[in-house]
Amino acid sequence: MRIRIVDAFTDRPFAGNPAGVVLLDSYPDDAWLQNVALEVNHAETAFAHRLPEGGEADWALRWFTPATEVAMCGHATLATAHVLLSTGTHRGPVRFATLSGVLVATPREDGSITLDFPTAPLTPVDVPDGVAEALGAEPLAACDTGPQVGDLVVELADEKTVLGLTPDHKGLSRHSRRGIIATARAEDASRGYDFVSRCFFPNVGIDEDPVTGSAHTALAPYWSERLGRTDLTGLQASRRSGLVRTGLRGDRTLLTGRAVTVIEGELLA
């Protein structure tokens with residue numbers, strides 16, 4: 001079977017967030033899926049197989065980090081849609097059956113792909129004791145993102161503070177189910193983005209995720225409320241970096257980006 005490495009939420013190789021993509025005839029046992037994800041050793045590896053025609057979805061889709069299966073992953077969904085569309089395996093919008101319900105990926109005329117994901121429910125919370133020390137910066141506010149995303153969003157003073165973080169990942173692991181999303185308003189919106197973020201997910205084996213689609217289902221409502229607009233662009237300021245265009249549509253969030261296949265090979269195991 002073929003295995004591909006796709007850089008998602010970028011239009012150039014060696015940027016954005018890399019994901020493994022494996023297309024199957026059916027799912028083998030979970031141990032094999034987990035072992036492949038560990039071997040690939042990227043933030044997520046996506047496994048998909050075609051479903052019978054006439055149902056509510058076209059493809060089944062699951063995501064695994066090197067350590068565990070996750071309920072939602074934006075960049076690996078984008079990567080999978082890119083593979084299906086760029087190889088001609090699927091044409092038009094792709095409906096994926098996932099642990100987070102049916103997620104739709106729609107190709108756009110400019111070559112980008114828009115994902116339709118559930119909006120994360122935000123609940124303001126007090127900043128937990130120890131978060132400031134683990135981050136190395138004092139949050140202005142914090143929100144819980146609900147069970148599907150499982151993160152704590154913390155707003156910091158400014159873009160420079162987010163970019164300069166050198167957190168204690170072990171310390172952060174005590175304060176959310178998946179991890180911490182650190183964010184701030186963009187210093188200069190003329191640079192092409194409205195807010196910045198960095199995502200630290202030690203509880204699923206990822207100290208810092210390069211570009212996180214699922215996190216933007218929380219960042220979109222968070223910044224839409226503060227900036228007064230439903231269509232925004234976020235810069236995830238990891239070392240690889242990537243842009244995510246967000247569109248808040250009530251209980252759904254649209255995530256738009258590009259993807260590039262950088263490796264294609266044969267999986268022998």
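Q: How many nonpolar, polar and charged residues make up the lining of the largest pocket?

A: In this predicted model, the lining of the largest pocket consists of three nonpolar, six polar and five charged residues. Together, 14 residues line this pocket.

Q: Which residues lie nearest the centre of the largest pocket, and which strands contribute to its lining?

A: Phe9, Thr10, Asp11, Gly242 and Leu243 are the lining residues nearest the centre. At least two lining residues come from each of two strands, β16 (242–249) and β17 (252–257). The largest share belongs to β16, which supplies three residues.

Q: Is Phe9 buried or exposed?

A: A residue is called buried when its relative accessible area is under 20%. Phe9 has a relative accessibility of 2%, and therefore counts as buried.

Q: Where does Asn41 lie, and what phi does it have?

A: Asn41 belongs to the loop between α1 (30–40) and β3 (44–50). Its phi is positive, about 60°, although Asn41 is not a glycine.

Q: Is Asn41 buried or exposed?

A: Exposed residues have a relative accessible area over 50%. Asn41 reaches 51%, so it is exposed.

Q: Besides the pocket, how many cavities of 30 Å³ or more does the structure hold, and how much space lies in the largest cavity?

A: A cavity differs from a pocket in that the probe fits inside but cannot get out. The structure holds one cavity of 30 Å³ or more, and the largest cavity contains about 40 Å³ of space.

Q: Which residues line the largest cavity, and how do they divide by class?

A: The lining is formed by Glu44, Met72, Cys73, Gly74, His75, Arg178, Phe201, Asp209, Thr212, Gly213 and Ser214. By class, three are nonpolar, five polar and three charged.

Q: How many residues of helix α7 are buried, and which are they?

A: Helix α7, residues 216–227, is mostly covered, since nine of its twelve residues are buried. These are His216, Thr217, Ala218, Leu219, Ala220, Pro221, Tyr222, Trp223 and Ser224.

Q: Turning to the whole chain, how many helices and strands does it have, and what are its spans?

A: The chain has seven helices and 18 strands. Its C-alpha trace extends about 50 × 35 × 30 Å along the principal axes.

Q: Why compare the radius of gyration with that of a compact globule?

A: The comparison gives a reference for a chain with a given number of residues. For 269 residues, a compact globule would have a radius of gyration near 18 Å; the chain has 18 Å, so the two agree.

Q: What do burial, contacts and accessible surface come to for the chain?

A: Of the 269 residues, 57% count as buried. Among contacts between residues at least 6 apart in sequence, 61% join residues at least 24 apart. The accessible surface is about 11,600 Å², and carbon and sulfur atoms account for 49% of this area.

Terms used
Residues numbered from 1 in each chain as written. Predicted model: local features only at pLDDT ≥ 70, side-chain atom pairs only at ≥ 80, totals over all residues. Heavy atoms only, no water. 1 Å grid on protein atoms, 1.4 Å probe; cavity = no way out; pocket = protein on both sides within 12 Å on 5 of 7 lines; lining within 4 Å. Helix = DSSP H or I, 4+ residues; strand = E, 2+ residues; numbered from the N terminus. Nonpolar A, V, L, I, M, F, W, Y, C, P; charged D, E, K, R; others polar. Rg over C-alpha atoms; globule rule 2.2 N^0.38 Å. Buried < 20%, exposed > 50% of the residue type's maximum accessible area, 1.4 Å probe, protein only. Contact = heavy atoms within 4.5 Å. Areas by Shrake-Rupley, 256 points an atom, 1.4 Å probe, with all protein chains shown as cover. Points joined across faces, edges and corners; volume = space filled by probe spheres on them.
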